[in-house]
Amino acid sequence: MEVLTLERTLTELDHVRLLSLARRQRPGVAAAAIEPLLDACTVVPSRQVRPDVVTMYSQVLLHDLASGLRSRLTLCYPADAEPAAGFVSVLSPVGCSLLGLTVGAVARWSTPAGEARAAEVVALLFQPEASGDYAM
């Protein structure tokens, strides 16, 4: 079942860190993509974020709507990104599209070649806050 949503939830810590990161970036596509999300999201204390929300360093299971393939990704900061190992930057198109979504929501993004992509968040395999880590 596809759930379309534009509502995003971020923890206070993620919001502060990402706002700082966006302000340090050179003006461009990455910063331009995340700033509207930061302005429009609902911000909650880390201890109050629901366990089905994609936060920083969450590991998600995705179902590609076009190919039917499933993939596992971990949302991280640019310095920790290793796409081949499944660590995607929050400033990448797919990373930005995942941030703050809930299980069942559909992430939509464009590839660098301009191809539209969509994937359902099937499960959160790990969320730091749900594991008691409120400072990750």
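Me: Before the details, since this is a predicted model, which element gives the largest share of the lining of the largest pocket, and with how many residues?

Reply: The model is predicted, and totals for linings use all residues. H2, H3 and E6 each supply at least two residues of the lining of the largest pocket. The largest share of that lining comes from H2, with 4 residues.

Me: How much space lies in the largest pocket, and which residues are the closest to its centre?

Reply: The space in the largest pocket comes to about 240 Å³. Its lining is made of 13 residues, which divide into 9 nonpolar, 1 polar and 3 charged. Those closest to the centre of the pocket are Arg 8, Ala 33, Leu 37, Cys 96 and Ser 97.

Me: Turning to the second largest pocket, which element gives the most to its lining?

Reply: The second largest pocket holds about 170 Å³ of space, and its lining includes Leu 62, Asp 64, Arg 70, Trp 109 and Arg 117. At least two residues come from each of E3, E4 and E7, and the element that gives the most, with 3 residues, is E4.

Me: Which residues of the largest nonpolar core touch the most other members?

Reply: In soluble globular proteins, nonpolar side chains tend to be buried together. Here the largest nonpolar core has 31 residues, and the elements that give two or more residues to this core are helix H1 (12-24), helix H2 (29-40), strand E3 (59-64), strand E4 (70-76), helix H3 (93-98), strand E6 (106-110) and strand E7 (116-126). The members that touch the most others are Leu 18, Ile 34, Met 56, Val 90, Leu 98 and Leu 99.

Me: Is Leu 98 buried or exposed, and which residues does Leu 98 touch, not counting those up to four places away in sequence?

Reply: Leu 98 is found in helix H3, and its relative accessible area is 1%, so it falls under the 20% limit and is buried. Between Leu 98 and Leu 19, which are 79 residues apart in sequence, the C-alpha to C-alpha separation is 17 Å. With residues up to four places away in sequence set aside, the residues that Leu 98 touches are Arg 8, Val 54, Val 60, Leu 62, Leu 73, Ala 107 and Val 121.

Me: How many aromatic pairs does a search of the whole structure find, and why is the pair of Tyr 57 and Tyr 77 classed as it is?

Reply: A search of the whole structure finds 1 aromatic pair. The ring centres of Tyr 57 and Tyr 77 lie 5.7 Å apart and the ring planes stand at 50°. Planes under 30 degrees apart would count as stacked and over 60 as edge-to-face, so this pair is tilted.

Me: Where do Tyr 57 and Tyr 77 lie, and how many residues apart in sequence are the parts that the pair ties together?

Reply: Tyr 57 is buried at a relative accessible area of 15%, and Tyr 77 likewise counts as buried at 14%. Tyr 57 also has a positive phi of about 70° although it is not a glycine. Because Tyr 57 lies in the loop between strand E2 (42-44) and E3, and Tyr 77 in the loop between E4 and strand E5 (87-89), the pair ties together parts whose separation in sequence is 20 residues.

Me: Is Asp 52 buried, partly exposed or exposed, and which residues does Asp 52 touch, not counting residues up to four places away in sequence?

Reply: Asp 52 is found in the loop between E2 and E3. Its relative accessibility is 22%, so Asp 52 counts as partly exposed. The C-alpha atoms of Asp 52 and Leu 91, 39 residues apart along the chain, are separated by 21 Å. Leaving out residues up to four places away in sequence, Asp 52 touches Leu 101, Thr 102, Val 103 and Leu 124.

Me: What separates the C-alpha atoms of Ala 32 and Leu 91 in space?

Reply: Ala 32 lies in helix H2 and is partly exposed, with a relative accessible area of 46%. Ala 32 and Leu 91 are 59 residues apart in sequence, and their C-alpha to C-alpha separation in space is 9.5 Å.

Definitions and conventions:
Residues are numbered from 1 along each chain as its sequence is written. This is a predicted model: local features need pLDDT of at least 70, side-chain atom pairs count only at pLDDT 80 or more; totals for chains, interfaces and linings use all residues. Side-chain values use heavy atoms; hydrogens and water are left out. A nonpolar core is a set of buried Ala, Val, Leu, Ile, Met, Phe, Trp, Tyr and Cys residues joined through side-chain atoms within 4.5 Å. Buried means under 20% relative accessible area, exposed over 50%, partly exposed in between (1.4 Å probe, protein chains only). On a 1 Å grid over the protein atoms alone, a cavity is a set of points where a 1.4 Å probe fits but cannot get out, and a pocket is an open set with protein on both sides within 12 Å along at least five of seven lines; lining residues have an atom within 4 Å of a point. Grid points are joined across faces, edges and corners, and a volume is the space filled by probe spheres set on the points. Ala, Val, Leu, Ile, Met, Phe, Trp, Tyr, Cys and Pro count as nonpolar, Asp, Glu, Lys and Arg as charged, and the others, Gly among them, as polar. Rings of Phe, Tyr and Trp (its six-membered ring) pair if their centres lie within 6.5 Å; planes under 30 degrees apart count as stacked, over 60 as edge-to-face and the rest as tilted. Contact means heavy atoms within 4.5 Å.
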